[in-house]
Structures are given as structure tokens and as C-alpha cells.
Amino acid sequence: MTWRNLDYPAEIEEAAIEWRLKVSSGNLTAEQKKAFALWCASDPRHEDAYAQAVSLWSALGTLDESKLDPALLRDTRSKPTIRDVFSKLTHFSARRRRWAIGGLTGVAAAVSFVIFSQAWPSQSIAIVRAPAPLSYSSELGETKTITLADQSNITLGAASELQVAMSDTERRVTLISGAAVFDVSKDPARPFIVEAERFTATVLGTVFDVRKSAGIVRLSVAEGAVEVDHPLMLNAAPTSMSSKRTITAGQMISATEKDGLSGVEPLRPEDFATWREGRLRYKNATLAELIVDANRYSDRRIILSEDLIAYSGDRATMIFDGNDIDRLLNSLPILFPVIVEENSEGDVLIAARPELN
């Protein structure tokens, strides 16, 4: 078993180890079992941290106690047990804990996250810090807020998905689909990076919104400043050069796979991330972008015909209410040369008017 993420706050690591000690005793009361279940369910990091504690316990169980670092054994009885050492690890810093246990050849078969050098006393075990991303998603029409380990907050829009990977040097988010507002805790040593398609936004601490639909990425800033980066596009293909902008509070920008970064435009404070209240605002939106976003709220499938997916002859500047999809559908034939129909299965079909064929 590998350790998925070691960047938990100290209190989570310590609580996980304490729970592992209690559970391993076999003497949990009914009240303690209930408290343990509630602790695991209260934060997705808790269950993962507990699994890591179990892995560490298993690793320690294979060690020759006579070869443990003496620093671990201070203030314990003359012949310490693995339980003593495991408990004492709670009070070690993450860096000291990584080097506290002397390496033994048998441990490699027990845990996959350790590597060895060849000689004692330099012979050591090092924990490989390769953070696996954590995935978060929201349901149709749902808005969800997530608090990360660094106390940054992410608000996910309807039917949205992203992944988060935290390390000692950076905090990286990949927006897979949908929309998210990021309220980033300041940490000069670890920039906060959001990736969406080829679009990258980098900050140290600020509040900003990113939306991704149908090949279009939109960013707006409420507080602070965000550096955005996108490859320069030539004939709808990325070049080795990049275009960068610094977007400050009260500004917004967009990017497409075809054209790259747009110009910077002003943003009224009251227009920031209005999708959190179900109101989606657009400037020069394509038909495909509107339909992708509408499907995040609609309980009926809205299907865009293949010949309209790349259609960009008309653009819409508008607001639509995610709770009133029918009103959006009724407005589409006014804004675009389309026909809106319903099939026998209740799906909504958007097809081109005959003059486009």
C-alpha cells in the first residue's frame, strides 16, 4: 500500500495515529466506535490518513527494534515495543519522521513507499513524497464548497469536476469540467495553479472564478491578481510560444483552442461568479457553450446536432437562469438559426434551420 498524500495538517496525522493505536488495542467501547466512524466520515482526508497510519504500523511491525534510531527511544522503557515507537512518531516532525527508522532489508516487501541505502548508520528509509491528486465533483444543479488542507476554499458549480494535488512546492488544481470559484490562502512558498485545457492561472492568494465549457475557458478576478498563460495559437494549433497576462480585481479574460487568449475586459463586482446563485452570464458565448452549461442544470438531455457543435457564426451576450432551462431553450431560435424539438424519449434536440444546410 502506498501513501497517497502526506501533506495533512499535523492534527490530522496525530489523530489518525491515535485512532490506529486505539483500534489496534481491540478494546474500543461502543461510544468510541461511533466517534471513530464520525471522525472518518467528517473529512475525506481522515480515512486516507488513517489508512496511512495502518501502513506505517505494518512497516514498523517488520523492523528489528534494536536498529531503530535512538532518538525514537528516549523517554521510553528500557526495552521499547513497536507500540512505543509508533506512538512516539506522533510527536516527530514530518521531516524527522522520514529519517527516524533504520532501514532493514525485509521492509521492502512489506511497504512499497520506502527505499534503502546500503550502510549503517547512514542506512535509512525515505518516504517518497509523490502526492496523488484528490478528485472532487458536484451533481446536476448542485453547488458544493470544499476546504483544502491549506484552508483554501473551492466552490464547485453544477455538474463540475476537478482534481487537487498538494506538495511542498505547489498547489495544483486541474479543472476537468464546469466552473469553480477559488478563495486561495496566501502561501508565498507554494503557488496555487489552476489548469483548464491549455489555460493556466497562477496565484499566491486571491479570489477568482474559472469556467470551462465547449473549448472555452473564462476567468474573472474578485480580489488580488492572477497570472494567466496560454500557448499562442496559429491556424488553431498551439505554438511553442506563450501569451501571458496579469488579471487584477475587476477584470476578466477568456481563451479558446482556436484563438488563444482574448483581451482583458472589465468586470462589475456584482457580475462575479453569479452562477453560484444559478445565474450564468455570457459575453460572446457560442451555441455549444450554452448547451454544455445548460446540461449541467437540465433534467432532460439537450442534444446539439453534430453540424452545430463547431458553429460560431452567431454569439450570444446574455444571462440565463439555471432553474429555468425552458426559457433558455425558447430563446435559442431568436439568438441562433436553430430549431428546438423534443423527441419521443423526452430529450431536447437542437438542429440547424434548413438555410444552414
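The legends below describe close-up views of a predicted model.

Local features need pLDDT of at least 70 and side-chain atom pairs count only at pLDDT 80 or more, whereas totals for chains, interfaces and linings use all residues. Residues are numbered from 1 along each chain as its sequence is written, and side-chain values use heavy atoms, with hydrogens and water left out.

View 1. Helices (H or I, at least four residues) and strands (E, at least two) are DSSP runs, numbered from the N terminus. Of the 357 residues, 46% are buried (under 20% relative accessible area with a 1.4 Å probe, protein chains only; exposed is over 50%, partly exposed in between). Carbon and sulfur atoms hold 51% of an accessible surface of about 18,000 Å² (Shrake-Rupley method, 1.4 Å probe).

**View 2. The largest pocket, with a volume of about 620 Å³.** Of the 34 residues that line this pocket, Arg 218, Met 252, Arg 281, Tyr 282 and Lys 283 are the closest to its centre. A pocket is an open set of points on a 1 Å grid over the protein atoms alone, where a 1.4 Å probe fits, with protein on both sides within 12 Å along at least five of seven lines; lining residues have an atom within 4 Å of a point. Points are joined across faces, edges and corners, and the volume is the space filled by probe spheres set on them. Strand β17 gives the most to the lining, with 6 residues; strands that each supply at least two include β10 (207-213), β11 (216-223) and β14 (251-256). The lining divides into 14 nonpolar, 9 polar and 11 charged residues (nonpolar: Ala, Val, Leu, Ile, Met, Phe, Trp, Tyr, Cys and Pro; charged: Asp, Glu, Lys and Arg; polar: the others, Gly among them).

**View 3. The second largest pocket, of about 270 Å³.** Its lining has 14 residues, with Ala 214, Thr 286, Ala 310, Ser 312 and Arg 315 nearest the centre. By class, 6 are nonpolar, 4 polar and 4 charged.

**View 4. Helix α9 (residues 325-335) and its buried residues.** These are Ile 325, Leu 328, Leu 329, Ser 331 and Leu 332. Their cover includes α7 (287-294), β18 (302-304), β19, β20 (338-342) and β21 (348-352).

**View 5. Ile 339 in strand β20.** Ile 339 counts as partly exposed because its relative accessibility is 32%. Leaving aside neighbours within four places in sequence, Ile 339 is in contact (heavy atoms within 4.5 Å) with Leu 349, Ile 350, Ala 351, Ala 352, Arg 353 and Pro 354. The C-alpha atoms of Ile 339 and Leu 329 lie 9.8 Å apart, for a sequence separation of 10 residues.
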